[in-house]
Amino acid sequence: MALVTTLATILKTYEYSETSKILRLLTRDHGLCSVIAKGARRPKSRFGGLLEPFTDGVATFYAREGRELHTLSVFELRRERQALGGELTRYAGAGLLTEIALRFAPAAPDTELFDQLGRGLDRLLEERGDLETAMLEETWKLIVHLGFAPNTERCCLCDRSVTIGERIQFDLMGGGIICRRCQPLAKNLSLRQLSSTARAELSTLVRGGRGDGRPLESARVQRDLLRDFVAYHLADHQPLNSFRFLEERLG
Ligand SMILES: [Zn+2]
């Protein structure tokens, strides 16, 4: 039994028995971990009220070889983000980022993923501009980091560089754009029409976004494309739960 101490973000919590909680953590040094916080639901728990989603801390737990659930010993608060709960759009965006981390983080530790998630949650907490833009930018950063960047510059069938203003479609299956010439060849159901504005904005999103908090002209198209892209490439064609919640918020 090894004692592990690592920076961690709480992604999700579950009540367990009358008094305990199970936490799903993204840790900086050990990837995704599940820990049980015994007694965390007791009024005078030594964990206090800290163990909520979106909270960062230094977690110390006993890692048992071959076990999936470890026992949390200490959680030292570094940053709580409870104010996300005060605004449902911020909360929904944060839920999307943590759901992506929870479902698609690799088994091996990924410090950049950990840091990117923290930056994304901070941005959603503090953004003064358009929240939907912030959500789109931060979500694409995670997806690109996970290795699923779509190709927005070259046709994914003929590899031709596509000029600005050319009528193109986005092929969910191919994971990129399809040029005008190749469209008759691509007769599948995973095509989405993209205006040149939408393509330019997608291209910017995939490269990290503008970060200026201005609304996107093609916000609705981008949101639908992101939802379908994640479902198609990462989630066995099922939209993530947090997208449903987000769509209820944004209409
Ligand atoms: Zn082509």
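The legends below accompany several close-up views of a predicted model.

Residues are numbered from 1 along each chain as its sequence is written, and side-chain values use heavy atoms, with hydrogens and water left out. Local features need pLDDT of at least 70 and side-chain atom pairs count only at pLDDT 80 or more, while totals for chains, interfaces and linings use all residues.

View 1. Helices (H or I, at least four residues) and strands (E, at least two) are DSSP runs, numbered from the N terminus. Reading from that end, the order of elements is β-β-β-β-β-α-α-α-β-β-β-α-α-α. The C-alpha trace spans about 65 × 40 × 25 Å along its principal axes. Of the 251 residues, 51% are buried; buried means under 20% relative accessible area, exposed over 50%, and partly exposed in between (1.4 Å probe, protein chains only). Among contacts (heavy atoms within 4.5 Å) with a separation of 6 or more, 58% join residues 24 or more positions apart.

**View 2. Helix 3 (residues 131-145) packed with helix 5 (residues 219-233).** The angle here is about 30° and the axes lie 11 Å apart; axes are lines fitted to C-alpha atoms, for helices over the stretch in contact, and angles run from 0 to 180 degrees between N-to-C directions. Helix 3 and helix 5 are therefore roughly parallel, since angles under 35 degrees count as roughly parallel, over 145 as roughly antiparallel, 65 to 115 as roughly perpendicular and the rest as oblique. Their crossing is left-handed, the term for a near helix turned anticlockwise from the far one by less than a right angle, with right-handed for clockwise. Helix 3 brings Glu132, Met135, Leu136, Thr139, Trp140 and Ile143 to the contact, and helix 5 brings Ala219, Gln222, Arg223, Leu226, Phe229 and Val230. These residues comprise eight nonpolar, two polar and two charged; Ala, Val, Leu, Ile, Met, Phe, Trp, Tyr, Cys and Pro count as nonpolar, Asp, Glu, Lys and Arg as charged, and the others, Gly among them, as polar.

**View 3. Helix 4 (residues 196-206) against helix 5.** With an angle of about 55° and axes 10 Å apart, helix 4 is oblique to helix 5. This crossing is right-handed. Ala198, Glu201, Leu202 and Leu205 of helix 4 meet Val221, Gln222 and Leu225 of helix 5. That contact divides into five nonpolar residues, one polar and one charged. The buried residues of helix 4 are Ala198, Arg199, Glu201, Leu202, Ser203, Leu205 and Val206, and their cover includes helix 3, strands 6, 7 and 8, and helix 5. After helix 4 comes Gly208, with a positive phi near 110°.

**View 4. Thr27 in strand 2 (residues 20-27).** Thr27 counts as buried, at 0% relative accessibility. Its side chain makes polar contacts (N or O pairs within 3.5 Å; within protein, one atom must be able to donate a hydrogen and the other to accept it, and residues adjacent in sequence count only if both atoms are side-chain atoms). One reaches the backbone nitrogen of His30 at 2.8 Å, and another the backbone oxygen of Gly31 at 2.7 Å. Leaving aside residues up to four places away in sequence, Thr27 touches Thr6, Leu7, Ala8, Cys33 and Phe114.

**View 5. Ser17 and Asp159, two loop residues with positive phi.** Most residues other than glycine have a negative phi. Ser17, between strand 1 and strand 2, has phi near 55° and is partly exposed at 45% relative accessible area. Asp159, between helix 3 and strand 6, has phi near 65° and is partly exposed at 45%.
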